[in-house]
Amino acid sequence: MSRYRRRALVLKVLLTALGVVMALAFLTPILLTITNSFMSETEITANYGSVFAGAADPGTDANGNPRPQTHYIAQAVHLKFIPDMVSFRQYGTVLLRSPDYIVKFWNSVFLTVPIVVFQVAIAALAAYGFSRYRGKVREAIFFGYIVLMLMPYQVTLVPNYLVARWLHLLDTRWAIILPGIFAPFSVFLLTKNMRRIPKVMIEAAELDGAGEWMIFSRVCLPLCKGALVSVAMLVFIDYWNMVEQPLILFSDTEKYPLSVFLSEINSGEVGVAFAVAVIYMTPSLLMFLWGEEYLEEGITYAGGIKG
């Protein structure tokens, strides 16, 4: 074996080992959450009681302000992946005896699904316009989309709040759904994909007598299927995990999604917290497994170059 091949083999082994380590680092918390959700409350307390035990009251400082609460873990924590005895009690508590969790889950669904459906639909139409008709005005508008996309949500949170209050939408789902529908990220990604569709294909459709709607629905959308699925997945995950928007735009805690409600689970419901976390992550995992083959294709803008 030549020296070059040995170096390439060593590099390949090192990269593979690094990939395995990173995969384990990402998968371990998920696997730990799933397996621990089937443990009994007694077993969870025995393993993680030192982590979730309440800390003593820190009192106040010289000015009368409460000191920050600190909690130091003095005992070793045993990460356990296989329960001694499988128990479904936590899931029974969540699904049958605690309607608050189910209500918050459906709050998340009613907020996320309309945003995903309408954002993808509107973004596809806007992307078609940006890709088919070029000009200085349209390029300036598209540049504005890019600028808005680069801004973190915290920057636009105050303007969104002021607009929602002016429209009398505060404490309603529309305060979150309407800004989510017109988010710029989907427009940017789909425009980049549609601009890579060969012009020959569109010209051939025009020669066959196809109108704009026919070109959009029969040529562009099928060639951008990977991008559409990728956008739907990324938008779903983004809004499924939202926290800032409900906290700022909702005053009624009954309308909070499950992503916000998870932080309110107290230390006496650790087993329930594991079960709720599994239920909460299930839609994202199912969506990823369903659209995995399209995700890489859509992000790398390969949707419109199939032979």
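Author: Begin with helix α9 (residues 199-207) and helix α10 (residues 212-223), whose axes are 11 Å apart and pack at an angle of about 155°. Angles over 145 degrees count as roughly antiparallel, so α9 is roughly antiparallel to α10. Their crossing is right-handed. On the α9 side the contact is made by Met201, Ile202, Ala205 and Glu206, which meet Ile215, Val219 and Leu223 in α10. Sorted by type, the residues of this contact are six nonpolar, no polar and one charged. The model that these values describe is a predicted one.

A second pair can be read in the same terms. Two packed helices are described by the angle between their axes and the distance between the axes. For helix α5 (residues 136-150) and helix α8 (residues 184-194), the axes come within 8 Å and cross at roughly 125°. The crossing of α5 past α8 is left-handed. From α5, the residues in contact are Phe142, Tyr145, Ile146, Leu148 and Met149, and they meet Pro184, Phe185, Val187, Phe188, Thr191 and Lys192 in α8. Here the contact divides into nine nonpolar residues, one polar and one charged.

The structure holds twelve aromatic pairs. In one of them, the ring centres of Phe105 and Trp106 are 5.9 Å apart and the planes stand at 85°, so this pair is edge-to-face. Phe105 has a relative accessible area of 18% and is buried, while Trp106, at 42% relative accessibility, counts as partly exposed. Another edge-to-face pair is formed by Phe130 and Tyr145, with 5.6 Å from centre to centre and 80° between the planes. This pair links distant parts of the chain, since Phe130 lies in helix α4 (residues 99-132) and Tyr145 in helix α5, 15 residues apart. Phe130 is buried, at a relative accessible area of 9%, whereas Tyr145 is partly exposed, at 24%. Tyr145 thus takes part both in the contact of α5 with α8 and in the ring pair with Phe130.

Phe105 and Trp106 also belong to a cluster linked by ring pairs, together with Phe110, Phe236, Trp240 and Tyr280.

Technical notes. Residues are numbered from 1 along each chain as its sequence is written. This is a predicted model: local features need pLDDT of at least 70, side-chain atom pairs count only at pLDDT 80 or more; totals for chains, interfaces and linings use all residues. Side-chain values use heavy atoms; hydrogens and water are left out. Axes are lines fitted to C-alpha atoms, for helices over the stretch in contact, and angles run from 0 to 180 degrees between N-to-C directions. Helices (H or I, at least four residues) and strands (E, at least two) are DSSP runs, numbered from the N terminus. A crossing is left-handed if the near helix is turned anticlockwise from the far one by less than a right angle, and right-handed if clockwise. Contact means heavy atoms within 4.5 Å. Ala, Val, Leu, Ile, Met, Phe, Trp, Tyr, Cys and Pro count as nonpolar, Asp, Glu, Lys and Arg as charged, and the others, Gly among them, as polar. Angles under 35 degrees count as roughly parallel, over 145 as roughly antiparallel, 65 to 115 as roughly perpendicular and the rest as oblique. Rings of Phe, Tyr and Trp (its six-membered ring) pair if their centres lie within 6.5 Å; planes under 30 degrees apart count as stacked, over 60 as edge-to-face and the rest as tilted. Buried means under 20% relative accessible area, exposed over 50%, partly exposed in between (1.4 Å probe, protein chains only).
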